[in-house]
Amino acid sequence: MSSPSISTKTAAWWSQSRSRAQATAAAAILLTGTLVGISAFVWASPTGAPLRQAVADATEAITPYAAQNTELRRNLQRATETIASQKGKLTAMQTQALAAQASTAKQLAAAQQKATAAENQLNSVKAQLAAANAKASAGSKSSASSASGSGSGSGSSGSGGGTATPITAPARADLVAPTSRYYGMYTEQAPFNWATFDATSAKVGVAPNLVGYFSGWDETFRANAVTRAWAQGRMPMMTWESRPISAGNDSTDAPAYSLPKIIGGDFDAYLHQYAKDIVATGLPLAIRLDHEMNATWYPWNETDGQGKSINGNNVGDYVKMWRHVHDIFQQEGANNLVIWVWAPNIVNNLAASHKVDGYLENLYPGDDYVDWVGLSGYLRPPYKSDNDFSFDYTFKPSLDKLRAITKKPIILAEIGASETGGYKAKWVTSLFDGLARPENDDIIGFSWFNLAVTSYVEGVRATNDWRIDSRADTLSAFIAGLTRPEDRFTLTPAP
């Protein structure tokens, strides 16, 4: 069969032949001409006047609105530009206000530091004067002369060239019962890297005098964490978890680290060496051992919400484990340097079986084994309907339980607030208001979890921004609360 001709290929799609295509085209031309003629006749005829008038009226009516619409668009554009400009100015003003607030906080901290130094110097002079008077009354001139010679010799030795300045820390007794409150912070890498720690401190204007960090039982004692902290004048508080440091928070299964294995001596060699290394370092630290023991999400928790064992643990094992570790440290002399921190989770969102009277009490090792009691507590979604985003809602039920168990000092060992919902600044203000109340004088400080973290809460994956400087209003509320005299924090100027 021969191929079709070009003309057949290019014919209109509805035509079957060349002749039909030509007829169709002619009909289309005729129809178009007829319609144009009818339109012209109607428009020009006297009977078309109403139509012409309607079109004119419509045009007259539409034209102002079209002009008005154009003007409205111009006004909208101007308003948008004005809003953007004012937002920029507002942001700049907020930045300036926060910088001024941080600068004031820094100046206040510097003044407090100078006053403290002057007070210490005065106390030192009083002590020296009292000692001199005692020697004078005893009539021992040679002793006084010897003491004077000893003092000058010590100063000469201290000025020797090339000698590294030793890292020192306050006495453990003074750390356990401080005269002012601790302000602590957790960041990604402190105390091994101070970058985020110092950057946040600069925004606040005040530097923390406590640094929190985490360590696992697959790690040996990291002396540099303690020395680096005290080199900055900061109390180190180590959260010591009986599991590998790389373990995630999504599993309670760690059979090699079960409480019965620890109690049975599987880690005794490790614990003895750890304690010896602390003694060799010679500097104090707080140890928050296996925190949130009243919860259900860690391998050292005893039971889940249905009474089933977690990780092979038995009821009563947690106290036995704590005392076992404490006793080994006592044998090695490490308890002369360690402040033991027993820190459960706030009771608000725990399983019902873990809220009942007696549950938390049965997890307490006893006053002879604990120096501070603490709490982990967060403002975090999902929020319950009765949550008023206050200090009392978050902490009071748990504080009441702690105070019924012991009279030990209380530290809010790990706290934070999420930006989700827009309640964070309110909660921060309420936190400091709560700390200012006389009934909370036994709270010796807090350590803020200064990170943004994605995790599962009640089966829902969410990212919570816990950082102090997450928003301008949060940061402002934090600075205002931290620097109030009634909150009694130790203020150290930010670098």
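This is a predicted model: local features need pLDDT of at least 70, side-chain atom pairs count only at pLDDT 80 or more; totals for chains, interfaces and linings use all residues.
View 1. Helices (H or I, at least four residues) and strands (E, at least two) are DSSP runs, numbered from the N terminus. Of the 495 residues in the protein, 38% are buried, meaning under 20% relative accessible area with a 1.4 Å probe, protein chains only. Residues are numbered from 1 along each chain as its sequence is written. Local features need pLDDT of at least 70, side-chain atom pairs count only at pLDDT 80 or more, and totals for chains, interfaces and linings use all residues; side-chain values use heavy atoms, without hydrogens and water.

**View 2. Helix 11 covers residues 391-405.** Buried residues of helix 11 include Phe-391, Phe-395, Leu-399 and Leu-402. The buried residues pack against strand 6 (338-342), strand 7 (372-379), strand 8 (410-417), helix 12 (424-436) and strand 9 (443-449), with contact meaning heavy atoms within 4.5 Å.

**View 3. The second largest pocket is lined by 28 residues.** A pocket is an open set of points on a 1 Å grid over the protein atoms alone where a 1.4 Å probe fits, with protein on both sides within 12 Å along at least five of seven lines; lining residues have an atom within 4 Å of a point. Thr-116, Thr-179, Ser-180, Asn-209 and Thr-490 lie nearest the pocket's centre. Helix 3 gives the most to this lining, with six residues.

Definitions and conventions
The expected span of a helix is 1.5 Å times one less than its number of residues. Buried means under 20% relative accessible area, exposed over 50%, partly exposed in between (1.4 Å probe, protein chains only).
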